[in-house]
Each structure stands twice: as structure tokens, then as C-alpha cells.
Amino acid sequence: MAIRQLSETLINQIAAGEVIERPASAAKELIENALDAGATRIEIATSGGGKALLRVSDNGSGMDAADLELAVRRHCTSKISETLEDIRTLGFRGEALPSIGSVARLSIASRRRDSAGGHEIAVAGGKIAHLRPAAANPGTIVEVRDLFFATPARLKFLKTEKAEAGAITEIVKRMAIAFPAVRFVLSGSDRTTLEFPATGDDHLARMAQVLGKEFRDNAIALDAMREEISLTGFAGVPTFNRGNSAHQYAFVNGRPVQDKLILSAIRGAYAETIPSGRYPVAVLSITLDPALVDVNVHPAKSDVRFRDPGLVRGLIVGAIREALARDGSRAATTGASDMLRSFRPGFQPNIQRPQTAWSAETSPSRPYQPTSSFGERPQASFDGLSMPTARAEPQFSPQPASAEPTARYPLGAARAQIHANYIVAQTEDGLVIVDQHAAHERLVFEAMRKALHSKRLASQVLLIPEIVDIPEEDCDRLMQHAAELSELGLAIERFGPGAIAVRETPAMLGEVDAHGLIRQLADEIAEWDTASGLSAKLEYVAATMACHGSVRSGRRLRPEEMNALLREMEVTPGSGQCNHGRPTYIELKLSDIERLFGRS
């Protein structure tokens, strides 16, 4: 079969198959062009999920007649010259507009600021119409109608109009986060209007617009650098998580990307702090020399390749873990809101009160102060009572005058233990409810993890070894890693073909259910064991052992034990969630409590 040259229209349609996969792809390319043109205001309008209409208007630099004629031709661009090693713009291929024009009805009207008038050009199914003068404001308006009318087979692969409209919304959100100084407006007959006013250099304010105001209260700032690679952004506290990864945003030199390396690094950084099936909320911005990253991997430009991927991954994991250790132990502010919503009071007065911070002077629950004092005789009956206090000293043992009231600590002073599992503590402006098992599990795990990097954990020898019967293949797996387990203070020996003898257990765990621990370790090793051995996954083993050795639900604690647990939580990194990612405590401010009673 003879080789022949394909027509320009067919070449563009083939390119469109890679560049323009759906209406959201076209929206992404057009918004990138507007940003590259220096626009500070971008308006996007859609109809039919972007299939019937997609219009992008901007106030950028605009194009003259000569630029317009070249813009709709393949591989014509103003953004690169002779090399791909210094790409500093979002677009650079010169394929988007001709690809869109080959499968849709495309019209472009543009005018430069210093020009007296504008021009318009149209492309329909690859056929370019003559350029003509047009009335236009400074900037550019690109209108795409009947997407894929020239390739109707592609329409069958599109999703519903609602799904396609949602995909465009997601593109706009990512662009809005990346460029907070630009005002974005998204409207159309298939949606409610979405507007993101410009926030200038306040990136967190723009993130709050996109991710919700709760993100501002639950975000930890990131600022790290390694070998001229900079990482900035914000990471949510572990207890502020979501059911999918759609709330993870990554940018490389200002370019929104969905790179597997970056997403994998985020998962690794939050390991042991997020429950299975839940995902953290994070916005990461990586800045580096354009020569160190290849953005020309795929026509859609959503994937990138780093020259040193290990360095980038290490930077992300290290920065997030350092931030979590510094400020990630606090519980998410949404915990109290979720708790309040779970209450269903029988009577809710219809009272509208201003939302102000709680104060003892203005609180409706402030102590009653009558206009006339009690008589001496009635007052005498109160002489034997002491005023309520948040001090954590024993009731009948005086505390030294120099001691500081524990209510001034972040987690306050223990006041009660409910159902032998939940500690209620009083703080200066509210109360804290602690899950004692989850909290102690985290404390034990952090102690074990710290000890891993210093020396072998202390162990306690069992007077009578525990014999655990398990399948022979599980015995083989455990014995392959007996040396690593010994570093954690767990000494095991083979006891016949289908049994393991446990001779020592970690001292810090106290009394341990050896049978349950060995069986769970065997199951976990069988699931993720690799040729690299267990040494790279000792922290997972430590987490499993910590769960088996922590304070169990149902154990009653003395007041000094409860306060000791609270004090240790305050100085332990990541104590806001257990090893499985569940919150260890929730905090209720007095203003929250008063809302329960309709007082605010």
C-alpha cells in the first residue's frame, strides 16, 4: 500500500483526538491562552455542558489581523522560539485552536488595546473563512459551537451535559487557585453563575473561595526548599479529609497538573494519619527551573516529568510531615459543627442573635447578679461549698500556689470519664472530649516510631511463651522478618510447622494480646510484603503493635492518669488523630454549647 500525505483537516482532527477530549479540554486550552495574554478578567459561558456553546472572553493583550490568521493554523504560536527547555507559558504547542476548529464551529474576535478596531475569523470543520473587521473590546472572545459536529462518533463517548458542565467547573477552579489575581466568572444556561473575585497575592483567600471557608481554618502553611526546588502551599490537618482526591491541587511553575508522582507523595505524607478510603485536602505549588521539568509529555499538558523525581517526592513528603508535626495535632474545626448537627433538640426557639464570640460578660448563661444581695442567713448555707474551678489538683490535696491551672493548657483539665472510654476536659473557653483508646494508640505509636531511629525497643520476657497457631505459610513470612520484629521488641521463634512462639513483647505496650497481634501482623505482611523486606515498613508494624497495646475502651482511669494523657497529647506530633486517621478528640467552644440551647 502506497504512503500518502494526509490532508491538513484530517491531521488537525487526529490532533484534536489527543488535545480536545471533551468540552473541559477545550475550556482549559482557551483559558490558558487568555492567561498567557495577560488577562486579569476571564468570563466563561457554556450551554449544553459545553457541547452546544463554549465562550471564553478576556481582557488580555488581544491579537491583530495577522495574528488571527496564524492563530488558527497548526503549530503557530507566540510562546516559544527554538527550544523546549525554557517554557514559561501555559500553552506552547500551537495546536489548540486549529484542533478545535477542525471538529467544531470556531469564531475568534480580538482587538489590541492600541488598535482602533478589531477583527474576526471563523473556522468550521477545518474550513477557514476569510478574515473580516469586527467591533470588539480590547481583548479576545473565543466562541466554540457544536463541538465534535465534524466527528460525530466522538459525541457518543461524552458524558451527560451535567457531568461535562461539572468537568468545566473543575477546570475553572484549578485555574482560579493558580491565579488568584485574576477574576473568573463561569455562567450559562446549564449552570448557576460561579464567580471568583480577584484576591491579589492572598492565595489562601482564593483557596477559601474554591475549597470553602473551612479550609482557611484547617490549613497548615507549607514553605520548603531543596536544591533550588521550592514548595509552597497549604495542607489540611489530617482530620479535615474528604471522600475522594478531587480536593488535591498541584501546580508546577503555575501550571495545574494531575501528576501521579505528586499525588502519590501526598498519600505517602499522610500515611498513618488518614483513614482508609479518605483523602487529605492539599494545595501544592512547586517552582523550579523549567529545564528541570518536561511539560511536553502529553498534548493535554496535565502530566509532567521531573529530571529528579526522587528529590521532588522527598521534598513534598518531608514538607507535609514537618508541617503536620508542627501544627497538625489539632482537630478539624468541622468536628464541632458535625457534632452540633447530630443533636436534635426537642425545642428550638426561633431566635435570631448576632454571631459574636463568646464572652463571660455578655453570655446569656452568665451568673445571675441580683439587684439586692441575699441575707446573711441564706448565704451561710453556701459557706461549705467551693467555687467551680478548672484546676486539675486532687479534690482534697492542696496544690502549690505556683502551679498553673491546667485549664490554661490547650486540652484543659480532665473533669470526668464517660462510659469508661471518653474523657471530658474543661478548657478556658469550652470543653474537649477525648477518645482515650485512639489518643493513647497514637502516643504509643509515636513513641515506638521515635525509638526505631535510636535503638532497639525495650522488651519484657514472658514467663511462659505464648504459642500462636497460624498457617505454615504465615509462619514462614513472619520468620523471614524475625530480626526486624526483634528491633521493635517482639521476639518470636518457630514452634513446629504451623505455630509461632512469642517470647518477648515490647515493654511499652504492657499486657498484649499476643495471639491477635501475631495473626494481624501475618495478614499485613502477606498483603504488602516485597523483596525489599520489612525494614522499609516498620512504621506500619509499629502502628499495628501500638493499636494492640494502647489503653483499651472500658478501662477506668484515675484523674491523674487522664490529665497525664492530655498533657502528653499536647506535646506529641499528630496526636489529633489515631494511627487509622480517626480524630482523637473534638473541641466545643462555649459559643457552640450555647447554640445547642438556642442562646446564640
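Predicted model: local features only at pLDDT ≥ 70, side-chain atom pairs only at ≥ 80, totals over all residues.
Which residue is the bridge partner of alanine 414 in β20? The partner is alanine 425.

Start with the two strands involved. β19 and strand β20, residues 422-427, pair in the antiparallel sense. Five bridges join them. Strands of a sheet pair through backbone hydrogen bonds, either parallel or antiparallel. Now widen the view. Four strands make up an open sheet, ordered β19-β20-β21-β25, with antiparallel pairing. At the edges stand β19 (413-418) and β25 (585-589). Each has a single partner strand, so one side of each is left without a neighbour in the sheet. On average, neighbouring strands here are turned by 20° against each other, direction ignored.

A helix accompanies this sheet. Helix α17, residues 559-570, lies across β19, β20, β21 (430-435) and β25. α17 runs at about 120° to β19.

Next, look at helix α13, residues 472-480. Asp474, Cys475 and Leu478 are buried there. Seen down the axis of α13, the buried residues fall within an arc of 105°, so they line one face of the helix.

Move to strand β11, residues 229-236, which holds serine 230. Is serine 230 buried or exposed? Its relative accessible area is 18%. Buried means under 20%, so serine 230 counts as buried. What does serine 230 touch, leaving aside its neighbours within four places in sequence? Its contacts are Ala224, Met225, Ser285, Ile286, Thr287 and Leu315.

Phenylalanine 240 lies in the loop between β11 and β12 (241-242), while phenylalanine 215 lies in helix α7, residues 213-217. The count of aromatic pairs comes to one, and these two residues form it. Their ring centres are 6.4 Å apart. The ring planes meet at 45°, so the pair is tilted. The two phenylalanines are 25 residues apart in sequence, so the pair ties together separate parts of the chain. Both phenylalanine 215 and phenylalanine 240 are buried.

The charged end of arginine 242 sits over the ring of phenylalanine 240, 4.4 Å from its centre. A further arginine lies over a ring elsewhere: arginine 105 is over the face of phenylalanine 149, at 3.9 Å from the ring centre.

Terms used:
Residues numbered from 1 in each chain as written. Heavy atoms only, no water. Buried < 20%, exposed > 50% of the residue type's maximum accessible area, 1.4 Å probe, protein only. Arc of directions from axis to C-beta. Contact = heavy atoms within 4.5 Å. Pairing = 2+ DSSP bridges. Axes fitted to C-alpha atoms, helices over the stretch in contact; angles between N-to-C directions. Phe/Tyr/Trp six-rings, centres within 6.5 Å; stacked < 30°, edge-to-face > 60°. Lys NZ or Arg CZ within 6 Å of the ring centre and 35° of its normal.
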